[in-house]
There are 2 protein chains.
Amino acid sequence: MRAVVVLSGGLDSACAAAMLRGKELYGITFSYGQKGSREVPAARRMAKKLGMAGHKVADIGFMKSLYGSSNALTGGGVGVPGTFDYSIVVPARNAVFLSIAAAWAFSIGAGLVAYGAHSGDRPYPDCRPSFARRFGAALNAAESDGVRDGLRRRIEVWSPYMDGITKEELLRRGARRLGDAVFGTWSCYRGGRLHCGRCESCANRRGAFEAAGIRDRTRYAA
Amino acid sequence: MRAVVVLSGGLDSACAAAMLRGKELYGITFSYGQKGSREVPAARRMAKKLGMAGHKVADIGFMKSLYGSSNALTGGGVGVPGTFDYSIVVPARNAVFLSIAAAWAFSIGAGLVAYGAHSGDRPYPDCRPSFARRFGAALNAAESDGVRDGLRRRIEVWSPYMDGITKEELLRRGARRLGDAVFGTWSCYRGGRLHCGRCESCANRRGAFEAAGIRDRTRYAA
C-alpha cells in the first residue's frame with residue numbers, strides 16, 4: 001500500500017515515517033520560506049534512509065507573503081520565542097500541507113496521507129485528531145466520484161497523535177528503526193549551522209531524547 | 001467585512017467576486033503550470049476592475065509534477081478534451097486552493113473565503129456545496145483556538161453553487177456589475193492568443209452568454 005508522508009526534516013515526521021515501514025512511501029517536503037532552511041536537506045537524507053519510492057520538495061514560498069511579518073517562523077522582524085506562543089503557529093499550515101499531499105496521493109493511488117503530529121502538539125489545533133479526521137473526510141468529499149484510471153480515490157489522514165502517541169514514544173519507536181540517522185533530523189527554528197538549543201523546538205527535542213532515555217548526540221550551540 | 005476570493009481569471013470567479021461587492025476583497029490567483037497562462041493577467045485586470053484591497057498570485061508550479069503527464073490541463077502529452085472528461089479534473093484542486101486562501105483569510109481576519117463554483121460544476125466533486133461545507137468546517141477545526149491578535153479566526157467557505165446559482169445566472173449577475181470587463185476574463189484551456197472556441201471551457205463560456213441572453217463579444221479562433 002502506498003502512503004504519502006509530509007516530511008519536514010524534523011524528528012517527529014521522520015519517526016512517523018519510520019512507523020510506516022513496509023508501506024511504499026512517498027515523502028513530500030514543503031519549503032515555505034522558513035528560517036530553518038536546514039530542514040530540507042535533512043528531509044532528503046531521511047527519504048533516502050527510509051528507502052522512499054519518491055520524494056518531492058514543494059516550494060510554497062508565496063505562503064510567506066500571506067502570513068505577514070508578525071509571524072516568527074517566516075517573518076524578518078520578530079524573534080523566535082522560547083516557549084509556545086501563537087506567533088509560531090502558522091494559520092492552517094497543516095491544512096495546506098495535507099491538501100497538497102492528498103492531491104499527490106489521489107494522483108498515485110495512495111490510500112494514506114501521514115503527518116508527524118503527536119499528543120504533545122495539542123496546543124496546535126491542526127495537529128489534533130479531531131482536525132485530522134474532519135480534514136480527511138472533507139478531502140474525500142473532494143473526490144467522491146471514486147475511481148479514476150483504476151486508482152483508489154479514498155484516503156485516510158493519519159498521525160501518531162491519532163494513536164495517542166506522545167513525542168517520547170514516537171521518538172522511541174522511530175529511533176529503534178532509524179538508528180543513528182535520527183540525529184540527522186533538524187528541529188531548530190533558527191537557521192544556524194548547529195541546533196541553537198534554546199528555541200521551543202530545540203527544547204522539545206532535548207526533552208524528548210531525555211524522556212525516551214536515548215542519549216542525545218545532537219550538537220547544540222548552547 | 002473582509003473576504004478572500006479565489007480568482008482564476010475566468011468568467012465564473014470574476015462574476016462570483018462581483019457578487020461580493022461591498023465587502024473588502026482580497027483576490028488570490030494560482031499559477032500552477034496550466035496551459036491557459038492568459039488566466040493570470042486576466043485575473044490581475046479583474047482585481048483592479050473590482051477595486052480589490054489586495055491581490056496575490058501564488059506560484060504552485062510544483063503541483064504539475066504531482067499530477068503527472070496523464071492530466072490534460074497540465075501535462076504535455078495529452079490533448080485537451082472537448083467535453084467533460086476526468087482527465088481535466090485535477091484531483092482535489094479546490095482543496096488546495098481553498099486551504100491556501102483560508103491561510104490568508106485567517107492571517108488578515110477575513111470571515112469569508114469564496115470561489116466561483118456554480119450548479120453546472122456538479123461533475124466536479126470539489127465544486128459541490130457538500131464539499132464546500134465540509135471543507136469549511138475542517139478548516140475552522142484547524143484554527144479552533146479562536147482569536148489571535150484580535151482577528152477573527154472563523155471563516156465561511158462560499159460559492160454561488162451554495163445559493164443554487166447556475167452558470168448563466170452567475171454570468172447575468174456578474175455582467176450587470178462588471179459591464180464590458182466581463183469580456184476581459186479568460187476561459188480557454190488552451191494557451192493561444194484568442195479563445196480557441198472549441199475546448200470544454202470555451203463551449204461552456206459560449207453557452208453561458210447565449211443562455212444569459214448577453215451578446216458574446218469574446219473573440220474566438222473558431
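Predicted model: local features only at pLDDT ≥ 70, side-chain atom pairs only at ≥ 80, totals over all residues.
Biologist: I would like to begin with helices. How are two packed helices described?

Modeller: Two packed helices are described by the angle between their axes and by the distance between those axes. Take α6 (residues 167–178) and α7 (residues 200–212) of chain A: they pack at about 70°, and their axes are 8 Å apart. Angles from 65 to 115 degrees count as roughly perpendicular, so α6(A) and α7(A) are roughly perpendicular to each other.

Biologist: Which residues make the contact?

Modeller: From α6(A) come A:Lys167, A:Glu168, A:Leu171 and A:Arg172, while α7(A) brings A:Asn204, A:Ala208, A:Phe209, A:Ala211 and A:Ala212. Sorted by class, this contact of α6(A) with α7(A) has 5 nonpolar, 1 polar and 3 charged residues.

Biologist: Now the sheet, please. What is the order of the strands in the open sheet of chain B?

Modeller: The order is β3-β2-β1-β4-β5, 5 strands with parallel pairing. Look at the edges next: β3 (54–59) and β5 (156–158) of chain B each have a single partner strand, so one side of each is left without a neighbour in the sheet. From one strand to the next, the twist averages 20°.

Biologist: How many bridges join β1 to β2 in chain B?

Modeller: There are 5 bridges between β1 (residues 2–6) and β2 (residues 24–31) of chain B, and these strands run parallel. To find your place, look for B:Ala3, which stands opposite B:Leu25 in β2(B).

Biologist: Where does helix α1 of chain B lie?

Modeller: Helix α1 (residues 11–19) of chain B lies across β1, β2 and β4 (112–114) of that chain, and α1 runs at about 170° to β1(B).

Biologist: What should I know about nonpolar cores?

Modeller: In soluble globular proteins, nonpolar side chains tend to be buried together. Here the largest nonpolar core has 142 residues, and those touching the most other members are A:Val4, A:Ala101, A:Ala102, B:Val4, B:Ala101 and B:Ala102. Leaving aside residues up to four places away in sequence, B:Ala102 touches A:Ala92 and A:Ala95, along with B:Val113, B:Leu139 and B:Ile155.

Biologist: How many residues of chain B are in contact with chain A?

Modeller: In chain B, 40 residues are in contact with 40 residues of chain A. On the chain B side, the elements giving two or more residues are β3, α3 (63–67), α4 (93–108) and α5 (129–141).

Biologist: Which of these elements gives the most?

Modeller: That is α4(B), with 10 residues on the side that touches chain A. By class, this side of chain B has 24 nonpolar, 8 polar and 8 charged residues.

Methods
Residues numbered from 1 in each chain as written. Chains lettered and ligands numbered in written order. Axes fitted to C-alpha atoms, helices over the stretch in contact; angles between N-to-C directions. Helix = DSSP H or I, 4+ residues; strand = E, 2+ residues; numbered from the N terminus. Parallel < 35°, antiparallel > 145°, perpendicular 65-115°, else oblique. Contact = placed C-beta atoms within 7 Å. Nonpolar A, V, L, I, M, F, W, Y, C, P; charged D, E, K, R; others polar. Pairing = 2+ DSSP bridges. Core = buried A, V, L, I, M, F, W, Y, C linked by C-beta atoms within 7 Å. Buried ≥ 20, exposed ≤ 12 C-beta atoms within 10 Å, placed from the backbone.
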